[in-house]
Every structure is written in C-alpha cells, then in structure tokens.
Amino acid sequence: MRGQVTDAFSKELLPGASILLISTTTKGTSTDLDGNYSMVLDTGYHQLYCTYVGYVNDTFSVHISTNAITEKNSLLLPVAKFLETIVVSSGKFDQKLEELTVSMEVIKPQMINSRNTTSVEQVLEQVPGLTIIDNDPQIRGGSGFTFGVGSRVAIVVDGIPLLSGDAGRPEWSYIPVENIEQIEVIKGASSVLYGSNALCGVINVRSAYPRSTPKTVINYSIGQYSLPDAASQDWYNKSLPVFSNLNFLHSEIINKNLDFVIGGNYNIDQGYIAPPPAQTPVPDFAKPYFDTIQTFSNQDMLRVRGRLNFNLRYRSKKFAGLNYGINANSMANKTNMVLAWYSDSGGDLYKGYPGAVFLENQVIYNIDPFIKYSSGNGISHSLVTRIFHTDNVISNNQSNKGTMYFGEYQLQRIFKNLDFTFTGGIVGNLSTSHADLYKSSGSPDNKIVNASGYIQIDKKLWKILNLSGGFRYEYFKMNNFSSVVAPIFRAGGSLQVLKATWVRTSYGQGFRYPTITERYISTKAGLFGVYPNPDLKPETSNNFEVGLKQGFKLGKCMGYLDIAGYYQHYENTIEYLFGTWDSKNPFIVGFKFLNTGESRVRGVDISLLLATPETNKKFGITALIGYTYVEPVCLTPDLIYAHDSSQIRQPLSYRTTSKDTTGNILKYRFKHMFKADVEFKIYNFTLGFSYKYYSKMQNIDSAFSTIEQVTSNIDFIDDIRVVNYWKTHKGFNIWDARLGCAINRKTKISLIITNLFNIDYSLRPLKIESPRTTALQYVYTF
C-alpha cells in the first residue's frame, strides 16, 4: 500500500509521520520528505494508525488485495493545545516542549515580524531570563559583560555554530531574520550536544524551508530616533537621525524535489551616538603615551548593511530519504563600535569618548554543504559542514580576519516501538586568525583546533516518564599550548504527573575553552587599552535545575506556566576586569581577561506563555511574560588572582576590585528582571505592548572611581564620568508599543515605537541605550 500524509488544515505534506500496524507496532514505515509512504502488507484486512508529533492520531482500516496496490491518504488534525510546540535543540530530534528535561523558551515568527525586527538580538531581549548587554548574551546571570567576546551562550543557526572563530563573538545582524521558522533558547549548560560555548545555554535559530505554495515577502520600514530627554538641542546638529530597512524573501519548491529559498536585507541607520568632540590638545611631554586620535563626522557614524542568503536542498527521487544541498549567507557591513560615552550626564551620554570610537567595515560569509539520509526504519545519518569567514577592517589598527572550518557527522536511531532514541556524533572545528592585535602570542597568525565526540540517549517509559543522558569528550589545542581534554556529562528526567502537569529535573556540566582574543589581544586607542593574558585557563561549571510546567485553559486561551529553580557553580570563572595594566604608560586604563576563582549563580525563573488558536479569525491574544531572580555570588572573595601595574603592585581580588561587596555579588549582573510581551488581535487590527524591567546593577569595577579621579586631575585628558550615573539610577522600566492593520490578505502596515517614554537607560557602564524610535512598517506577501 502507499499514500500521503498531510495537515488537514494547511494541506502541507508531513515528512517523518509514522504509519504502524495496531496488531504489531514493530511493523511500520515513515513518510519521506514529500510526505509519501509505502509499505508491504499481507492480503486481507488490517488496522493501522498514523502518528505525528503535534497531531491527533488517525486510525484507519485497509483491505489488501492480491496483485493490486492500495492507496490510503491520511489527513492529520493539529492538536488543539498550544503546549504542543515541537523543538529540536534539546536532543537534536523532534520533541514536545513540555516533555523536555531542560528549560526552553520558543520565539515564533509572529513575534519577530510584528516588532519590526531588523537584527535578531532585538527580539531575543524579550526572552525571560536572557539579556543582551552590548551584544553579549547573558542567560540567568551566568556571565558579566565582555563586549561580546568569549560568549558563554552558544549561537547556532540550524544546529551549526555561528560565533566568530577568534573571539567567540556573535554577529547578530548577520542572522537572516526574514527566514526564521522559530528560535529556541535553552537555559542551562548544554555542552554535551553543543560544545564549549554552551556553558550557560544555547540560542538555536531554525531556518524555514518552503511549503507546498510558493511565498514571496517584502518588508520595508522607515523611522527616526527621538531627541533624548537628556540630550542638548545640538545633538546631531539639531537633526533627528533616521533609519530604514528592507527585507525580502522568496521560497518555493521546484519540480517537487528542489527546495529553494533566497532572502536579503539592506539597512541604513544613522544611529543615536554622535561622534566624539575633538581631542583636547596633548602637551609634548605626554605625546609619546598617546596615539593621535582621529576625529569623526556624522557621516562617518552612518551604518550601512547589505546581506544576501540562499538555501538549496535537493530531495532525491531515486533514493528515498536522501537529501543534500548547500546553504550560504554573505554580508557587507559599514558600522562602528562605541566603547564609552563622553560623560554621564546631559547630551554627553549620546556622544562617544575621544579614542573610544572605532569605524568598521565588515565582510562576512559562510558556505554550508550538507548531506542527510533517513531510512524507513528509524536510522538517520547527517553530515553538516560550514566555512565561516570574517574580515573586519577597523580604524586605529584594530583590523582582524579569521576563518572557521566546521564539520559534524551524526548518527541517530529511533526505536519507535521502544520509545528510545540514540544520538551520537563526532565534531571537528578549526579556527584560524590573522591580526596584529594578537601578536603577543609571538605571531599575528593563531589557531585553535577542537575535536569532540558525543552520545545521548533518550527513553520514554509508561508514556509519562522521559529520561535523557549524555556524554561528550572534548579536545582543544591553541597554537603550541599543551592540549586540553575534558569529559562532560548531563542527565535529566521529566514526569507527567497529571494531564497537563509536568515536573522535571536536570544536571549538566559545562566547559569553555578561552578564545584567541581573550588570551592574546593587545591594543590601545586614546585612553583605553586591552591587555593579553596567555595563562588564561578554561572555565567549567556544574548546573542543576528543578522545574514545573503547568498547562491551562482560560476560555479559548491556552498556555503554560513554567517555574524553575536553578543552581550553577563555576570554577576558574573568567571575568573582564577594568583597571591599570600598563606599567610603561601611566595614562592608559583598560581591560584584561582573568580567572577570578569560584562563583555561584542561583535563582528562580518563571515564565508564562498564553495564546488563542490561530483558527479564531476575529479575536486573539498572545503573551510571553517572565520574571527572573538571580543571586550571583563570588565564592572566593579574598583570592588574589592578579596584581595591577601601579608602583605598589596592588594585589587584586574580588574585594579590592569591587565597588559594592555587599553579599559578594558578582559584577555587571541584574538581580531582578521582569519582561512581558502581549499582543491583541481584533479582526484586522493588532495592538501590542512590551515591557522590560532591570533592577539596579549592584556591583561594578572599583577602578572606575580611580579613573574618574585621575582624569579630573589631568587638564589635557577629558574627564571620564560613570560612577554618579550608576549610583543615582536604581533600575529601569522600558515600554514599547505597536499597532498593525492587515489591509487585506497580502498587505499589512504597522506603527512600532520602542522606548515609548524616551527614558535614558544603561545596561552596562559607559554605554547608553537607544532613545525612543518610531517606525512605519509595510509588509507585502504574495
């Protein structure tokens, strides 16, 4: 017999659906990528059922005649429960969200598109427990701020890493926001499946593949920044900076077996940070200590970005279950980096500090060939590869370029009759870099070699208990350093105790190897520098979690409440310490990466997800609401981990470098965060609001006070001011709003306002966030 399995509402074909005999569930088959299946049965009557994750089972009878082919198509109804969200990040296979043994949040395309998202970190900032601080992702306070270098959160696109090979830094604007199926955020150590950078969690962006109907989307927006309340009237020469963004996407299936997706983005943004004032003249005796600081104009601060990407996947007609293809993305980006504001009050918040502004021209591309094969008996093979190249031309001799070569082979066996899944794989990763920034290693050319193997098993018992466990073995070698190996373990379980109630617990180890940047960067610009630490050691962690997920229904609204308690213990914690590190230059201050001992982060994470069925065309509501409590504590506050460059060689420890040691709270963390995003749909109109609350950042580097005193006493150095702003701001409340109207099935216009009340707020010292923006968005889909 043969047939097709499709979604009863959308008529989309369903690959991977199972057709099993009721009399013996060990006999059956699965649909291929086209939703087709075939199987051989004895003559006579048979009862079968068709099952697919997230859909109601379809039971049917067939009669098999001699010398005849019986056709039976199955239409599956989606389960009318919002809880049936399907994810792949936790175990690298399809799982129901409520059955996971770890905490995960899922962002759907509706939320991405409705917020006029031009870069993916803008929507990630709304995820409970996740904070983006100056491009650096933090999950549950697992890290401070490091300018994005050495991320403790793995950023992957379709399961493949997308952090720069030399710095471990995310390039948020490089991710194609126009073609996202969903974003899955794992909270907690995930190093077993995702490797070194997943010390605190994973952000997995899943690309969308074509449906049976071709689709083209054009998304254009234009807007402006409002005059900040704190800014003077001469901000940007009395003009209001503007921005515009254009996304396009085309997706279709060609000749029934070639999936083709092409998308792109063009973005122009003046930005909200004005160029710094001219440098104060430096006397002759001090000139040997200072580089000449370049002056910039408004035009120099203009950011222009162009990106083009495509996905090609060929599904073999000759060999069922075989598909292969290539994905690629490229971007040219003229941008800037502002390390510090000019001062901490008035309009100077929105100007750069002389010497702390860098102009950058980026060229980035990746090429991802892959081949996958899935047999009808639950065995699948995949080989995915990536070449990821970055070339950053940066002012003041900060340029760097690097290439990452990545490959992963994975074998997976799903024993459906046993509810058992085995996943195993081997991974190779070579990152090379060329930059004068890293010459402290002895050469501008550096490399990291990483090889690893992993296994994970997932077992379901009695249809209510899910068990998961895994192991990974990591090998690292940087340049001529001695190699480092690390075994990593994880285990977890979830139990369905009632119809819509699940409890879970998990344990996971984490391991992160330092990046080339963290060990070898050596540079200075104006008053600021960054200094190498070739002796930096890997950091490790142990993570524990217990959680409860409760499904509920309120009228036509369905959703879940998730409550998790977590405990994370870190050893050789890597922190980015601000201070004086150059004994030959008394005027220069800057940063250095150091192992600061042991630390502990524990707390509670609560999230609420609510939605009405998409079938309700008149009224709907979607909501994502969350509160996170974080208690980040240094466990070795008296450990001397370094000495500064002063004449007395002051010993440095948590106590001597912290501005507020109450409770031994770690630097650059927020103890309380509350986030909410709610959108109402009324016929053709949508009305949405977002809210974010960050409590006061309790602790920062005490060196900021020292730097304020030094600069205030030297006439030819512009004063640095940061401490007063930190002291006087007790927390921030940020509101966004949006209003949309679907003119017809193809056209939608929206008004989107961020930072509605135009407050000035800062998430890390020396960096102000954006004032209010107002944008008009037009979306045309055909």
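Q: Which residue of E21 is the bridge partner of Leu308?
A: Ser330 is the bridge partner of Leu308. This is a predicted model, and the pairing is read from its atoms.

Q: What makes E20 and E21 a pair of strands?
A: Two strands count as paired if there are at least two bridges between them. Twelve bridges join E20 to strand E21, residues 322-338. Twelve meets the cut-off of at least two, so E20 and E21 pair. The two strands run antiparallel.

Q: Where in the hairpin of E20 and E21 is there a positive phi?
A: Gly321 takes a positive phi near 90 degrees. The hairpin has six residues between the strands.

Q: How do you know that E19 and E20 pair?
A: Count the bridges again. Strand E19 (residues 258-269) and strand E20 (residues 303-315) share twelve bridges. The cut-off is at least two, so this is a pair. The sense is antiparallel. In E20, Arg305 is the bridge partner of Asn267.

Q: Why is Glu121 said to have no salt bridge?
A: A salt bridge needs a side-chain nitrogen of Lys or Arg within 4 Å of a carboxyl oxygen of Asp or Glu. For Glu121, the nearest side chain of opposite charge is Arg305, 7.4 Å away. The distance of 7.4 Å is not within 4 Å, so no salt bridge is counted. Leaving out residues up to four places away in sequence, Glu121 touches Ile132 and Trp172.

Q: Why is Ser103 called buried?
A: Buried means under 20% relative accessible area. Ser103 has 3% relative accessibility, so Ser103 counts as buried. Ser103 lies in strand E10, residues 103-107.

Q: What makes the meeting of the side chains of Ser103 and Glu545 a polar contact?
A: The distance must be within 3.5 Å. The side chains of Ser103 and Glu545 are joined at 2.5 Å, and 2.5 Å is within the cut-off. The side chain of Ser103 also makes a polar contact with the side chain of Arg140, at 3.1 Å. That value is within 3.5 Å too. Residues that Ser103 touches, beyond four places in sequence, include Val185, Arg504 and Asp562.

Q: Is Tyr691 buried or exposed, and how do you know?
A: Tyr691 has a relative accessibility of 15%. The limit for buried is under 20%, so Tyr691 counts as buried. Its place is in strand E41, residues 685-695. Tyr691 touches Phe674, Asn733 and Trp735, among others, not counting residues up to four places away in sequence. The C-alpha atoms of Tyr691 and Asn755 are 9.2 Å apart, while the two residues are 64 residues apart along the chain.

Q: What makes the positive phi of Trp462 worth a note?
A: Most residues other than glycine have a negative phi. Trp462 is not a glycine, yet has a positive phi of about 55 degrees. Trp462 sits in the loop between strand E26 (445-461) and strand E27 (465-478).

Q: Why is Trp462 called exposed?
A: Exposed means over 50% relative accessible area. Trp462 has 69%, so Trp462 is exposed.

Q: Is Lys463 buried or exposed?
A: Lys463 has 67% relative accessibility. The cut-off is over 50%, so Lys463 counts as exposed. Lys463 is in the loop between E26 and E27. Its phi is positive, about 65 degrees, although Lys463 is not a glycine.

Conventions. Residues numbered from 1 in each chain as written. Predicted model: local features only at pLDDT ≥ 70, side-chain atom pairs only at ≥ 80, totals over all residues. Heavy atoms only, no water. Helix = DSSP H or I, 4+ residues; strand = E, 2+ residues; numbered from the N terminus. Buried < 20%, exposed > 50% of the residue type's maximum accessible area, 1.4 Å probe, protein only. Lys, Arg positive; Asp, Glu negative; His and termini not counted. Contact = heavy atoms within 4.5 Å. Polar contact = N/O pair within 3.5 Å; in protein donor to acceptor, adjacent residues only side chain to side chain.
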